[in-house]
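Look at the model first.

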Amino acid sequence: MLLKVLTYPHPGLKERSVPVVDFGPSLHELLDNLRDTMRDLNGIGLAAPQVGKPVKAFVVDLGEQLHEFINPEIVEKSGRISFDEGCLSFPGLSETVARPKFVTIRYQDRHAIKRTLEAQGLLAVAIQHEVDHLEGVLFIDRIPFLRRFFTKRKFRKG
Ligand code: CO
């Protein structure tokens, strides 16, 4: 099922998400819907709070494999990479963001199994972008002040 993606400045995007405790059918349905919605909109990542569900879950798919992350925690990061990021909550916007190039993420899969993944490059960027969503942090919060100011103003005017 396709879900409606909240767009900036919807206040839900600034909320902190809560950990997932129930790994039952409703979580699986949410993950499936996140995947379908992300693919329908040609995104490479989508987090639950972006569809109005403030729980710690997101999906990423760079085209080679679907990744599902529940209750993620980035435990190591290093290096630096600048990438032109977009976000389904900011249609049409692309901004260059600098982030660590390598991350190690601990998380649970949809069956609550604990897993660890080492990621680099675009996958690491996408993971960090989505983890930020779970904390109510948006990619425009990570760009220089003046660009952020004008970008926010443009979106607020709609
Ligand atoms: Co986003």
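This is a predicted model: local features need pLDDT of at least 70, side-chain atom pairs count only at pLDDT 80 or more; totals for chains, interfaces and linings use all residues.

Q: What is the volume of the largest pocket?
A: The largest pocket is lined by 14 residues. I74, K77, V131, D132 and R142 lie nearest its centre. The space in this pocket comes to about 260 Å³.

Q: Which elements each supply at least two residues of the lining of the largest pocket?
A: By class, this lining has 6 nonpolar, 1 polar and 7 charged residues. The elements that each give at least two of the lining residues are β3 (66–78), β5 (95–99) and α2 (121–134).

Q: Which element gives the largest share of the lining of the second largest pocket?
A: The second largest pocket has a volume of about 190 Å³. Its lining has 16 residues, and I44, G86, C87, H129 and E130 lie nearest the centre. Two or more lining residues come from β4 (81–85) and from α2. The largest share, 6 residues, belongs to α2.

Q: How do the residues lining the second largest pocket divide by class?
A: The lining of this pocket counts 16 residues. They divide into 7 nonpolar, 6 polar and 3 charged.

Q: Is I44 buried, partly exposed or exposed?
A: I44 sits in the loop between α1 (25–40) and β1 (45–47). Together with L62, F83 and L122, I44 makes a nonpolar surface patch of about 280 Å². Buried means under 20% relative accessible area, and exposed means over 50%. I44 has 38% relative accessibility, so this residue counts as partly exposed.

How values were computed:
Residues are numbered from 1 along each chain as its sequence is written. Side-chain values use heavy atoms; hydrogens and water are left out. On a 1 Å grid over the protein atoms alone, a cavity is a set of points where a 1.4 Å probe fits but cannot get out, and a pocket is an open set with protein on both sides within 12 Å along at least five of seven lines; lining residues have an atom within 4 Å of a point. Grid points are joined across faces, edges and corners, and a volume is the space filled by probe spheres set on the points. Helices (H or I, at least four residues) and strands (E, at least two) are DSSP runs, numbered from the N terminus. Ala, Val, Leu, Ile, Met, Phe, Trp, Tyr, Cys and Pro count as nonpolar, Asp, Glu, Lys and Arg as charged, and the others, Gly among them, as polar. Patches are made of residues with over 30% relative accessible area and no salt bridge: like charges are joined within 9 Å, nonpolar side chains (Val, Leu, Ile, Met, Phe, Trp, Tyr) within 5 Å. Accessible areas come from the Shrake-Rupley method with a 1.4 Å probe; for residues, only the protein chains shown count as cover. A salt bridge is a side-chain nitrogen of Lys or Arg within 4 Å of a carboxyl oxygen of Asp or Glu. Buried means under 20% relative accessible area, exposed over 50%, partly exposed in between (1.4 Å probe, protein chains only).
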